[in-house]
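Subject: Structure handover and notes

Hello,

I am passing on the structure we spoke about, and my notes follow below it. Please keep it open while you read.

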Amino acid sequence: MSYTVAGDWGTSNLRLYRIEDGAVVDRAAGPGIGDLGDQTPEQVLCAALAGWRATSEPRAIHLCGMVGSRNGWIEIPYVDCPADPAIWAAGSARAMVDRIPVTIGAGLACTRGSGAPDVMRGEETQIFGAMALVPGLAAGRHLIALPGTHSKWATVEDGRVTGFQTFVTGELFALLRRHSTLTRAAADDGAAEDDAIGFDAGLDRIAEGGHLLGALFETRAAQLRTGASGRWALGFLSGLVIGAEIAEILPAATGTITLIGDPALADRYGRALAARGLGATVHTGEACALAGLALLETP
């Protein structure tokens, strides 16, 4: 059976999809660009594809993400905003692995209103994929959020990404959870609903006008002085950092926000937006990435 391969190759994971007649029929995985060890990207890719190639070779491979970064396989220059799908696809790079043609999508770069630079790699594929899946996103002005380790908030106008801003919310939460004193007293204790209660409390603290740095230590103090559970503390910490992100983007947010990403994380962002009177629609990152990677196929 003739097939192509689509792949999202980030820092932590390689996710490959076997595509036959436009549908995903199988999946494979491998280490991320940040965890290759002494192997080359080509070796890792070939190992991940070995099971499929045992019977037949793919016609082509389409990749996005950190594989195109300075630390990846081929460093691909960023495409400057504003960019539409055609401009973005034209910035992709070509390579070969064992005579199989490989296309690697470029990232996007912009200069924010403050004059600060910003970049993304991988999220742009999901944004353009979302526009392909939901044509209404390619008309008018929309705000698209991609929650994650480095959350992106992109402005799309008439099918072009005109700019975006990155928030290191996920990375900050992980660092504070694992390496700070804030959750040192936290254990996996408490009722199942404590996480949600703590999350809402964190959102409320920011919405009341609280500042993130001034509110963070309550994560620990509440455990020591009010008997708050570990689950409550982690939920509270999550509510604080996500609430602070939403508060910062709030002046630019109107109407319904498009969320792309993991459903559980998108649900948290949806709750945070709802607390500010904003609606959200959710699309999975996988579906959007696959739709975006399809745009890289050579006609």
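In which loop does Pro-82 lie? Pro-82 is found in the loop between strand S5 (79-80) and helix H2 (85-90), where helices (H or I, at least four residues) and strands (E, at least two) are DSSP runs numbered from the N terminus. A cis peptide bond joins Cys-81 to Pro-82, with omega at about 5°. Another loop, the one between S2 and S3, holds Asp-21, whose phi is near 55°, a positive value in a residue other than glycine.

Before going further, please note that this is a predicted model, in which local features need pLDDT of at least 70 and side-chain atom pairs count only at pLDDT 80 or more, while totals for chains, interfaces and linings use all residues. Residues are numbered from 1 along each chain as its sequence is written, and side-chain values use heavy atoms, with hydrogens and water left out.

Now to the helix pairs. Two packed helices are described by the angle between their axes and the distance between the axes. Here axes are lines fitted to C-alpha atoms, for helices over the stretch in contact, and angles run from 0 to 180 degrees between N-to-C directions.

The axes of helix H7 (residues 218-225) and H8 come within 9 Å and cross at roughly 155°, and the two helices are therefore roughly antiparallel to each other (angles under 35 degrees count as roughly parallel, over 145 as roughly antiparallel, 65 to 115 as roughly perpendicular and the rest as oblique). In this pair, Glu-218, Thr-219, Ala-222 and Gln-223 of H7 meet residues of H8 that include Trp-232, Phe-236 and Leu-240, where contact means heavy atoms within 4.5 Å.

Helix H3 (residues 123-133) packs with H10 at an angle of about 85°, with their axes 7 Å apart, which makes H3 roughly perpendicular to H10. The residues in contact include Gly-129 and Ala-130 in H3 and Cys-288 and Gly-292 in H10, and they divide into 7 nonpolar, 5 polar and no charged.

Best wishes

Key
Nonpolar A, V, L, I, M, F, W, Y, C, P; charged D, E, K, R; others polar.
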